[in-house]
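These are my notebook entries on one model.

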Amino acid sequence: MAVPATTNVAEPAEDLNDPARVSLLNHDLRAAVSDIMGGLRLIDQTTLDPATRLQLERVRTAAEGLARLMELALTAMGGADEFTDQPPRTIQLDRFLRDVEMRWSGRAREQGLSFELMQAADLPPLLMIDRIALERVLSNILSNAIKYTDAGTVSMQVQCPPGGGLQFIVRDAGPGFSRAALAQLFRRDGRPRGTIKPGTGLGMHISHKMTRRLGGELEVRNADDGRGAIVTLTLPPDAIAADTIDLPANGPTNLPDLTRQRVLVAEDNPTNQAILGQMLTRLGAEFEIAGDGAQALHLLEREHFDLALVDIEMPFLSGIEVIRALRARTDAQGQIPVLAVTAYVLRANREAIFAAGADGILAKPVTGIDPFGQAIAEVVRKSGAPAAADGTAATADDSGFDHARFQGLMAVAGPEGARELLDRVVEDLRRVEREIVQALAEGDRAEIRAQTHVLIAVSGAVGAVRLQGMAQELNARAHDRDAPDLTTLGEELLTELDQMIVFLTLKRGSGGDSG
């Protein structure tokens with residue numbers, strides 16, 4: 001029977017108390033957010049000027065934050081309490097702070113202001129915390145600071161206080177808080193009447209609520225010189241995650257260092273989720289957990305990952321289906337290393353898993369961190385991923401170049417794609433070189449941080465280990481406003497960068513052979 005294209009039957013309004021309708025709405029919202037994130041990743045940033053790239057990074061970080069908040073909202077619509085504590089997860093502090101800087105420097109520039117991020121030299125690399133709660137506190141504090149500052153600078157200083165833990169100190173150049181505002185600061189409707197700027201005071205109420213969830217403290221005061229307000233978020237010592245790997249006394253010492261790596265764990269069993277999460281934390285990784293195959297694909301579309309651990313037997317979509325869908329993608333995300341985790345290790349099962357596109361297989365049960373770490377190191381090596389398998393430059397020769405890593409990257413590109421890939425790498429390096437020269441001349445530390453961040457990733461991908469190390473050092477100094485002049489180190493980096501461009505240009509002519 002044919003179904004008419006139009007009908008006079010009125011559709012009932014969406015009932016957000018109906019689980020079936022909520023499920024349909026969830027599907028459409030997630031699909032829309034996935035399209036936004038996918039579209040942002042497909043933009044070729046090499047053709048953009050620095051100001052446009054900054055705005056694009058601002059949009060990307062805001063979109064990722066929106067996606068995380070949307071997940072909470074959709075969960076609440078399904079009947080859960082929105083303020084239920086989220087499980088603490090490991091996050092890379094330097095990566096988190098870069099996202100904060102990209103988002104809020106763009107917002108400040110839009111208002112004719114500047115945003116300055118100051119990081120102490122002794123910051124911990126890892127936090128174990130509810131990321132969404134932390135983002136909500138800082139977002140509300142920084143939004144207020146920018147809103148009330150008409151001219152000048154909004155700054156955020158990140159440091160370790162004497163008693164342990166971590167502090168975020170936000171200073172603005174606005175009028176400060178009135179006595180009436182301070183008296184009712186954290187109330188839901190704490191904004192005094194008659195103020196010039198629009199608002200209700202809800203932001204500080206949310207910040208206070210999220211700070212309590214984090215087990216921290218929130219202090220608000222006016223600057224002693226009367227120039228603006230100072231808001232300090234102090235996190236407790238237990239928010240600092242251990243950054244060392246606890247190796248067995250007689251065990252292997254070549255476990256991978258996954259610092260600065262984001263890992264997707266696609267596993268439906270809660271016990272296995274906990275085990276894999278604990279091991280990844282000990283290896284320094286930041287990770288997200290997907291409880292089924294459909295959620296795994298959703299996360300892969302929404303966020304960037306450096307590695308995926310995929311259980312083969314999962315609800316909704318099997319691990320093989322997830323791997324096939326991932327490998328069908330044409331962007332860089334489709335080429336990340338994939339380690340299949342399964343109890344089915346017969347020959348036929350292994351052939352099907354590898355045929356789907358997995359780089360390796362780890363048999364269940366996972367008996368310890370040694371086989372786990374070695375399996376990850378092997379798939380990273382096999383895939384030619386940017387990070388060295390053991391987190392060191394042990395395979396680099398005296399020239400500071402890791403030939404094995406370069407050859408792995410060329411193997412992934414294939415004979416047809418190697419020249420095109422090297423064309424893009426050389427183009428990226430030349431653009432970064434121009435931007436760093438200009439930034440050093442102008443003393444623009446923000447631009448130096450942005451360009452060295454790009455250089456760290458690109459040089460690491462091709463095996464330029466010494467250049468990568470120099471970029472990391474220059475990036476760290478550019479974050480420290482008390483660091484001496486950056487010119488000497490910058491010139492040394494530019495010399496190394498120029499040599500690497502010449503080297504890769506020659507390799508491009510030889511088809512990518514590094515021998």
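**Entry 1: Val158.** I located Val158 in strand 4 (residues 153-159); helices (H or I, at least four residues) and strands (E, at least two) are DSSP runs, numbered from the N terminus. The model is predicted: local features need pLDDT of at least 70 and side-chain atom pairs count only at pLDDT 80 or more, while totals for chains, interfaces and linings use all residues. Residues are numbered from 1 along each chain as its sequence is written, and side-chain values use heavy atoms, with hydrogens and water left out.

Is Val158 buried or exposed? Val158 has 0% relative accessibility and therefore counts as buried (buried is under 20% relative accessible area, exposed over 50%, partly exposed in between, with a 1.4 Å probe and protein chains only). I then listed its contacts (heavy atoms within 4.5 Å). Leaving aside neighbours within four places in sequence, Val158 touches Leu97, Leu117, Met118, Gln119, Ala120, Leu123, Leu166, Gln167 and Phe168. Ala120 is 38 residues from Val158 along the chain, yet their C-alpha atoms are separated by 6.2 Å.

Entry 2: I traced an open sheet of five strands in the order 2-4-5-7-6, with mixed pairing (two strands pair if DSSP finds at least two bridges between them). Strand 2 (114-119) and strand 6 (217-222) are the edge strands, each pairing on one side only. Neighbouring strands are turned by 15 degrees against each other on average, direction ignored. Strand 4 and strand 5 (residues 166-171) run antiparallel and are joined by five bridges.

**Entry 3: helices 3 and 4.** Helix 3 lies across strand 2, strand 4 and strand 5, at about 165 degrees to strand 2; axes are lines fitted to C-alpha atoms, for helices over the stretch in contact, and angles run from 0 to 180 degrees between N-to-C directions. I next checked helix 3 (residues 93-110) against helix 4: their axes come within 11 Å and cross at roughly 25 degrees. The two helices are therefore roughly parallel (angles under 35 degrees; over 145 is roughly antiparallel, 65 to 115 roughly perpendicular and the rest oblique). I recorded among the residues that meet Phe96, Val100 and Trp104 in helix 3, and Leu134, Leu138 and Leu142 in helix 4.

**Entry 4: the cores.** Which residues have the most contacts inside the largest nonpolar core? They are Leu97, Leu134, Met156, Phe168 and Leu235, in a core of 37 residues (a set of buried Ala, Val, Leu, Ile, Met, Phe, Trp, Tyr and Cys residues joined through side-chain atoms within 4.5 Å). Helix 4 (residues 131-147) gives the most to this core, with eight residues. Apart from this core lies another, of 32 residues, including Leu422 and Leu467. Returning to Phe168, I noted that its contacts beyond four places in sequence include Leu97, Leu134, Met156 and Leu235.

Entry 5: Strand 10 (residues 307-311) pairs with strand 11 (residues 338-342) over four bridges, and Val310 stands opposite Ala340 in strand 11.
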